[in-house]
Amino acid sequence: MEHIRMPKVENVRLLDRLSSRKAVLGTLYLTATHVIFVENGSETRKETWVLHSQISSIEKQATTATGCPLLIRCKNFQVIQLVIPQERDCHDVYISLIRLARPVKYEELYCFSFNPKLDKEEREQGWKLVDLTEEYNRMGVPNNYWQICDVNRDYGVCDSYPTEVYVPKSATAHIIVGSSKFRSRRRFPALSYYCKDNNASICRSSQPLSGFSARCLEDEQMLQAIRKANPGSDFIYVVDTRPKLNAMANRAAGKGYENEDNYSNIKFQFIGIENIHVMRNSLQKMLEVCELKSPSMSDFLWGLENSGWLKHIKAIMDAGIFIAKAVAEEGVSVLVHCSDGWDRTAQVCSVASLLLDPYYRTMKGFMVLIEKDWVSFGHKFNHRYGNLDGDPKEISPVIDQFIECVWQLMEQFPCAFEFNERFLIHIQHHIYSCQFGNFLCNSQKERRELKIQERTYSLWAQLWKNRADYLNPLYRSDHSQTQGTLHPQIAPCNFLYKFWSGMYNRFEKGLHPRQSVTDYLMAVKEETQQLEEELEVLGERLANLQKSQLGDNKVKSKQQDRSKQLGLSTSNNSLANTPQEYSNDLKSFPSWSPSQGDEEDSALILTQDNLKSSDPDLSANSDQESGVEDLSCRSPSGGGCLPSEDSGKDSDEAVFLAG
Amino acid sequence: MLRSSQPLPGPNRRRCREDEALLGTILDEAERGFILDTRSAQAAKQARMSGGGTEPKSSYPQWRRLHRPLERGRALQESFARLVDACSDPSLSMDRWLGRLESSRWLSHVKAALSTACLAAQCMDREQSSVLVHGAEGTDTTLLVTALAQVILDPSCRTLMGFLGLLQREWIEAGHPFHLRCAHSAYSHARPKQEAPLFLLFLDCVWQLSRQFPFSLQFGERLLLTLFDNAYASAYGTFLCNNEKERSLCKVKENTHSLWAWLSQPKEQQKFLNPLYSHNILVIWPSVEPQSIQLWQGLFLRWIRPSQHLDEAWAEIQRLVEEN
């Protein structure tokens, strides 16, 4: 709390991004973990909560007649514009936020104070939900070709790898250690995915320290061992996910890539995904397009193309497709690396696994996938997503890109995934939120040193508890789309990549379809299930009654009445929406409404729901938010259960007469 | 909502008492009306030189004129052809796809059409005012705006039969020259002067509405695709000729079958219904932000990308709803 100069400021205005006329008056609070804006309305008192960890940048703009504007940009793409009446107050808030958004110690992060009121055992159980040993067993290892290797048990060989890795049977400790000395950051080739149908595997590593001519016997033996672990093929692919030019430039620095002459029986391939700096700039440019005020179609499309974002997404996807094909169709093992083997390698391996194995398209499987290829293999969450204040050049939307690849696949294959878009958005949200301990630090070693599992909670447990919200109603495990490998169309396919407005314009409600098909179908599904259960029960009763010779008619009519009662009503007045400004300058505004179960709010609920106890200063009326949780469609009896509906609250401007 | 063609004051600024009286009967004493002209102010002014023009403020004091230029004619056809070209070009890298999409300008036209229709709807619903819509001839962009505005405003136009009725009224009987406009479509090199995909633009806008309001239209994409097909080449006489006069001369009603008759058969209707439909009495206001307007893949990529997975998804939706 010592960084907070001003814990409370009154008469602050929260501006709508596009229309300054739609400002809301309220009070701004600063706590140790959140910035909170509470609207002054009488009944609604809508609250906007932002975790400090989510704050990406704060901009203090020039003071105007109305006050001093403060622009907060968040890592989950929320943009909040406040106007603080006094310049001095604004400055204090600005300075405080700058410090609060850049913690220097892990202990400052929210996960260490977050209290979901679970006891110690429940916390432990939460962490045990995803078990990687179980996962490797499910894949079919260890077996005749693959073994667990504990040479890294004290992180002595590679400090960014986990303690347990899986290596080919013929790879001795000597080979592994030798190979690790020849790899950047000591990240030697290790198993990422094993396909038990044909023994092909996906292995991952970092670049070899080959320079122009260096060789390493053990590293060459390591690759041979990988090849031998797949008797069905006499060669392996080595896939370097960097553009050829970058890889070649690395040679001058004593690193580089595998020379086909030196490594027997490999086929080498560049895939050409750009590096973290290019990706960071690409996202930046795309966000600038999103921030344009009333862009024309032209502005938008050109801006999107200039950012190159979709091109990069496609590049990652193409790499994943190549590897999945190699494994599933050719039965050839693949070794994947980039420079350090913790960014593009992780993206590409996890996309390939997702395409290959339907298990990763289930909710549990997806959590396992992230735990395996991202968390355990040392993706640098802290550096990439700024848990702590660090080098801005290390920040890059690496996992965001992977998550977007998954969404693009969901759009192409609507029946193939057990989870829905909301699941992905919430995961992305919490990678940055630092509310849970899963995505802290840069490696397993660091997390264990900080005793994360004993001091924080697991996101997976929370998501699993609420899994009903994250289900895809179109998923059926026996559906043809969900079986086997996914085959996205390769070419032509540019048009298949869409701009993900659900993520990048997440908080602009006016942009999204007002009615959630997913939620409706889930409600339908549940009701059908309930009705079927009812039917069964009544059927049994009927049988019993027949035995005791009562009239049939009484029972039948009862049945009918019950089904009518549970009838779903989708049309109710909460579907009303308000027009945006269709006038000349086409200023658009999202329809404001007291949030009634909006999807976004449930993310906030995860943050503030249990904060009430630990922050007694807050007299914030959070009844509405918790009320929202109850509204979530579990039993659609009667109407009014559809979330994300705006109420009929109209905006009062005669909007288009500016023309 | 009224529609017409442009008034003809001409270079001499003629007046027409009958026309003024006619418009005068629409409004009460103190009321105000809006004239939505689908030409730019400049184009409308230029039209005066060749005998056309706009309603002068002095002669029509109760009416306020708004200009919302909508593309039509040659330019729209070019836009369509370029889009189809871009979609079927297999060599396009991701780098250039969006640029090509943009330079076709098709989505900009969709955005403009939706915005203008919403404006007309706003005049009526929010301002409680009457609107007169016209362009030059009153047979193209005019009909686009009035028909679309009705889909937005009127829930009965969103039912299957209501929509077909809307088409009959606002496109066919109103005299949209289908024969001229839908002669050759996008691939032909002929490029006849009168060819223009206004009707397709309308269908695209309706598709955008169905995407933004998945529960509010009683019909689905399949109907829109069928209408598109039939506008260009049909076993039915519904879209023949250019106006009612020609149709009666050619004895279309006696010699051909009606598409509407076929579509309204219960067996056929089933195929076109939207399983998610539930009657929504409210006005549906679409977002016209660029992010909200998407390429109609079902039409433009129809033969280029397999629709199998999406069809399966719809089949699943149908199944879920029916089971219930």
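1. Let me start at Cys338(A), which is buried with a relative accessible area of 2% (buried means under 20% relative accessible area, exposed over 50%, partly exposed in between, with a 1.4 Å probe and protein chains only). An unreviewed UniProt entry places the annotation "active site" on Cys338(A); UniProt positions are given in the numbering used here, feature names are shortened, and annotations may be inferred rather than shown by experiment.

2. A word on the ground rules: this is a predicted model, where local features need pLDDT of at least 70 and side-chain atom pairs count only at pLDDT 80 or more, while totals for chains, interfaces and linings use all residues. Residues are numbered from 1 along each chain as its sequence is written, chains are lettered from A and ligands numbered from 1 in the order in which they are written, and side-chain values use heavy atoms, with hydrogens and water left out.

3. Where does Cys338(A) lie? Its place is the loop between β14 (334-337) and α10 (344-356) of chain A; helices (H or I, at least four residues) and strands (E, at least two) are DSSP runs, numbered from the N terminus. Beyond its neighbours within four places in sequence, Cys338(A) has contacts (heavy atoms within 4.5 Å) that include Ser205(A), Gln207(A), Asp240(A) and Arg242(A).

4. Strand β3 (residues 34-39) of chain A deserves a look: six of its six residues are buried, so the strand is largely enclosed by the rest of the structure. His34(A), Ile36(A) and Val38(A) point one way from β3(A), with Val35(A), Phe37(A) and Glu39(A) pointing the other way.

5. Strand β2 (residues 24-30) of chain A runs antiparallel to β3(A), joined by five bridges (strands pair if DSSP finds at least two bridges between them), and a hairpin of three residues connects β2(A) to β3(A). Strand β4 (residues 47-51) of chain A also pairs with β3(A) in the antiparallel sense, over five bridges. Phe37(A) stands opposite Leu28(A) and has Thr48(A) as its bridge partner in β4(A).

6. Now to chain B and its rings. Trp171(B) and Phe199(B) have ring centres 5.3 Å apart and planes at 70°, so the pair is edge-to-face (rings of Phe, Tyr and Trp, using its six-membered ring, pair if their centres lie within 6.5 Å; planes under 30 degrees apart count as stacked, over 60 as edge-to-face and the rest as tilted). This pair links distant parts of the chain, with Trp171(B) in helix α7 (residues 160-173) and Phe199(B) in helix α9 (residues 198-212), 28 residues apart. Trp171(B) is buried at 0% relative accessibility, and Phe199(B) is buried at 2%. Both belong to one aromatic cluster that also includes Phe163(B), Phe202(B) and Trp260(B).

7. Phe202(B) turns up again in the largest nonpolar core, of 212 residues, where Phe366(A), Phe163(B), Phe202(B) and Phe300(B) touch the most other members. Such a core is a set of buried Ala, Val, Leu, Ile, Met, Phe, Trp, Tyr and Cys residues joined through side-chain atoms within 4.5 Å. Helix α9 (residues 309-330) of chain A gives the most to this core, with 12 residues.

8. Finally, two charges over rings (NZ of Lys or CZ of Arg within 6 Å of the ring centre and within 35 degrees of the ring normal). The charged end of Arg123(A) sits 4.4 Å from the ring centre of Tyr457(A), and that of Lys267(A) is 4.0 Å from the ring centre of Phe235(A).
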